[in-house]
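Visitor: I'd like to learn how to read a model like this one. Could you walk me through it?

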Amino acid sequence: MPTKYGRSLSHEDLRGAQDSEKEFLLEYDSDMEEEIVHVHSSSASGEVHVDGKISSVKIQIKEVTDTMRDNVQKVMERGERMEDLQAASDRLNMVGNEFRDAAKRAQRRAWMQNIKSRIIVIAITLTIILCIIVLDVVVLYLVLR
């Protein structure tokens, strides 16, 4: 296909070009005479058929590039959501660790309070028993005297 500079694009040119260059070459490679050929139908059916194929190929390329852009955008959005999920997961892990530590402290505190209650009940019971024994001994001593 001839360009503005009188040079036609070979298959080697297209193979060696990057994707953005290919798109640029396909969109902007025609000169005014070619535009006239595309716009005005020719009397020869072969030229119209070739122009129709070129147009359909350009439309397909445009659709594919649009689809690829959409896919790249979706992948980028998915990456952002994955980062958000990772951050939320990290926060949840930290909160879980803090909760576990707080639960252990509360359990120890409850255990200590339970032990203190038992010690107090045992101490009161022993004190009452000792008082009864001492009173019995004193009363027995006074009676025997």
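## Reading the chain

Guide: Start with the order of elements: from the N terminus on, the protein chain runs α-α-α-α. Keep in mind that this is a predicted model.

Visitor: How many helices and strands does the secondary structure of the protein chain come to?

Guide: Four helices and zero strands. The one to keep your eye on here is helix α4, which covers residues 45-144.

Visitor: And burial? What share of the 145 residues in the protein chain is buried?

Guide: A residue counts as buried under 20% relative accessible area. By that cut-off, buried residues make up 5% of the 145 residues. The protein chain exposes about 12,900 Å², and carbon and sulfur atoms supply 63% of that area.

Visitor: Let's move to charges. How many salt bridges does a search of the whole structure find?

Guide: The idea is to look for a side-chain nitrogen of Lys or Arg within 4 Å of a carboxyl oxygen of Asp or Glu. Searching the whole structure that way gives two salt bridges. One joins the side chains of D66 and K62, at 3.7 Å from N to O. The other joins D66 and R69, at 3.8 Å from N to O.

Visitor: Which residues are linked in a network of salt bridges?

Guide: K62, D66 and R69. To see how they line up, check the spacing along the helix. D66 and K62 both sit in helix α4, four residues apart, which is about one turn of the helix. D66 and R69 are also both in helix α4, three residues apart, again about one turn.

Visitor: Why does D66 count as partly exposed?

Guide: Partly exposed is the range between the buried cut-off of under 20% and the exposed cut-off of over 50%. D66 has a relative accessible area of 31%, so D66 is partly exposed.

Visitor: Now patches. Which residues form a positive surface patch?

Guide: For charged patches, you look for like charges joined within 9 Å. Here R100, K104, R105, R108 and R109 form a positive one. Take R100 as your landmark: its place is in helix α4, and it counts as partly exposed because its relative accessibility is 42%.

Visitor: Which residues form a negative surface patch?

Guide: That would be E77, E80, E83 and D84. E80 lies in helix α4, and with 47% relative accessibility E80 counts as partly exposed.

Visitor: What about greasy side chains? Which residues form a nonpolar patch on the surface?

Guide: For nonpolar side chains, the joining distance is within 5 Å. The patch here is made of I122, L126, I129, L130, I133 and V137, and together they have about 560 Å² of accessible area.

Visitor: Is L130 buried or exposed?

Guide: Exposed: L130 has a relative accessible area of 52%, and the cut-off for exposed is over 50%. L130 has its place in helix α4.

Conventions. Residues are numbered from 1 along each chain as its sequence is written. This is a predicted model: local features need pLDDT of at least 70, side-chain atom pairs count only at pLDDT 80 or more; totals for chains, interfaces and linings use all residues. Side-chain values use heavy atoms; hydrogens and water are left out. Patches are made of residues with over 30% relative accessible area and no salt bridge: like charges are joined within 9 Å, nonpolar side chains (Val, Leu, Ile, Met, Phe, Trp, Tyr) within 5 Å. Accessible areas come from the Shrake-Rupley method with a 1.4 Å probe; for residues, only the protein chains shown count as cover. Lys and Arg count as positive and Asp and Glu as negative; His and the chain ends are not counted. The place of a charge is taken as NZ of Lys, CZ of Arg, CG of Asp or CD of Glu. Helices (H or I, at least four residues) and strands (E, at least two) are DSSP runs, numbered from the N terminus. Buried means under 20% relative accessible area, exposed over 50%, partly exposed in between (1.4 Å probe, protein chains only).
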